[in-house]
Amino acid sequence: MKAAACAKHFAVHSGPEKNRHSIDVIVDEKDLRETYLYAFKKLVDAKVETVMCAYNRVNSEPCCTGKTLLKDILRNEWKFGGHVVTDCWALQDIYESHKTLPNSVTVAAEAIKAGVNMDCSGLLQKDAINALNQKLITQKDIDNALAPTLRTQFKLGFYDKAEDNPYRKYGIDSIANTYHRNLSRKMAEQSMVLLKNGEVGEKKTKLLPLKKEDYKSMVVVGPNAASLDALLGNYHGITDKAVNFVEGIAGAVDPDTRVEYDMGCDFTDTKNFGGVWAASMADLTIAVIGFTPVYEGEEGDAFLADGKGDRKNMDLPASHIAYIKALRKGTKSPLIAVVTGGSAVDISAIEPYVDAIVFAWYPGEQGGTALANLLFGKVSPSGHLPVSFYKSFSDLPDYNSYAMAGRTYRYSDKEVQYPFGFGLSYSTFGYNWVRQPKRVTMSSDEISMQIEIFNTGNYDADEVAQVYVEYPNVDRMPLKELKAFKRVSLVKGKSKTITLQIPLEELQKWDETTKQFKIYEGNYTLKIGSNSRDTMLEGSFEIVK
C-alpha cells in the first residue's frame, strides 16, 4: 500500500467551531444516514484505511467512545477493517468538556472498548496501562486495539526489507516536481469559478477573455493580490515555486505591457486606500480581495475570525467593499474582482461595481498562473460551485441545528445569488438526448442515459454536465439531488456523446419505520444542465418491482 488515507471527522462535525469540544449534536437518524454518514459509507466501501473520530458528541454519545458510531455502524454494520484514530486531544475533551466520564483512565478504557486504535495525543499511551491495572480493560482488549494499526503498518511495508517495497525507491525527484506543479495549476484552473462576465466598450463585448493587445497597462491591487496565505489556505506545506496573483499576471503579459501592484487596502480601514490613482491611469484593474485562512477556518488557526474560526455572516470585509467602490469611482476602465475564500460569500455588495468576477478559492501554489491562464483565455473557466451562495444570511437555518430542513439545494428552494453547481464559461453549449432511461426494476444495477453536448460558442472549452434527480412524492424526500456529472472537453463547433450512469443504490432513502434503506417505487424526474437550477434536458423514468 502506497499511503493510508484517513476519512474524517466521524461524524456530524461541521461546527460551530468555538463549541466543537463540548457540543452535543442532536440529529435524527434519517438526516444522519442520508447526509452526514453518506460520504463515510462511500469511503469505507472503497476500503479507506483510517477513520478519525470527531471532537463532538452525537445524540449524547462522544464520537470517540460512543457505541453507536464506532461499533454498531462502523465496525458491525459497515464491516470497516482499518484502524480508528482520534482527532487530536479528543479524548481529553470527553472528561474535561463533555464531562460524560470522570477521568482520563476511564476514557482510555471506554475508547479502547469502543474501537479506538490510535490516539492523537498522549492519553492512551499514558492511561491504557492504568486502565488495565484497574481492571477496566483486559490485555485482550489492548491486543484487539493494537491489531488494526499493525495491519496498516504491515500494508505500508514498515517491516519489509527496503528492496521489497517498490515505494522505497522513490527519491527526491519524486517530490514537488514539474509534474506536480502542473497538476496544481490544472486543479486551480478547473476549480476557479467565473461568476460574472460583463460587457464593456462601445461594441458591448464580453470583457473576458482579455485580449492582450487591448490592455497594455494594468494594475493588480488588493490585500490578497500578493498574499501567500490566500494561495495556500490552511494545512499546507511550503514551496519556493509559489506563484501569487501579481506574479501570475506579470508573467503572462507581453514584455511591452506595464503591470503595477498596490496592496490598496487592509482588512479594517474603510477610508484610506492606495492604488486608485494608478488604476485611473491603467487600461485594466484586477482587484484581489476576500478572505484568508486567518479569517475563516479551524478554531485556533483562524485567529482573526470573529466566530473562533467561523464567520458570523457572509459579508465581504467592509474595507474591501469600500475599496471596490473607490476603484469604480476613480476609474472608467474595466475592473475585475478576484475573490478568495473557502465558503459562501455575499457577492452582491460588489457585483454592480465590477465588470467581471472570479471566485478563486484558496487555489494552491500555482494559483497566480491559473488565474492568468483563465483571464487571458489560455483555458476557459470550467469550475462550478460546490455550495449554494445564498441571497441572505437570514435564509440559513440556525448554525447550532443539524436538521437538514431548509439547508442546501437539496432542501431549500429559496432564491439564491448563485445556485449549487453554478459556473460560467467563455463558450456556450447545447444538449440533446441520445437515449433516455424509461423503466427500471429493483433488480437493475443502474440507470443509464446518453446525451450529446455541442460546443455552440467561439472557444474551446470544458462543460460539466450535471444530472439531478427529483424523487416520487414521499415525505421528507429531497427537492433534488446531484447523482451524476461528467467533464467534457469540446472543441468549438464540435460535439461529443457521453454516457451518464446512476447506480440504483444511489436512490435509496432511509425508511424511518423499518430503520433500513429502501428504494421507493414510482416516477423519477431527471434534469440535466450546468447547475442545480439550469435545465437543458428533462426526462423521467419509473422504478418498478
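The protein is divided into domain 1 (6-164), domain 2 (206-379) and domain 3 (429-543), with bounds taken from an automatic or database domain assignment. The model is predicted, and local features need pLDDT of at least 70, side-chain atom pairs count only at pLDDT 80 or more, and totals for chains, interfaces and linings use all residues. Residues are numbered from 1 along each chain as its sequence is written, and side-chain values use heavy atoms, with hydrogens and water left out. Between the C-alpha centres of domain 2 and domain 3 the distance is 36 Å.

Domain 2 and domain 3 each contribute at least three residues to the lining of the second largest pocket. A pocket is here an open set of points on a 1 Å grid over the protein atoms alone, where a 1.4 Å probe fits, with protein on both sides within 12 Å along at least five of seven lines; lining residues have an atom within 4 Å of a point. The space in this pocket amounts to about 540 Å³, a volume being the space filled by probe spheres set on the points, which are joined across faces, edges and corners. Of its 24 lining residues, Thr205, Lys206, Leu207, Leu208 and Pro209 lie nearest the centre. At least two lining residues come from each of β7 (193-197) and β9 (205-206), strands being DSSP runs of E of at least two residues and helices runs of H or I of at least four, numbered from the N terminus. The lining comprises 10 nonpolar, eight polar and six charged residues (nonpolar: Ala, Val, Leu, Ile, Met, Phe, Trp, Tyr, Cys and Pro; charged: Asp, Glu, Lys and Arg; polar: the others, Gly among them).
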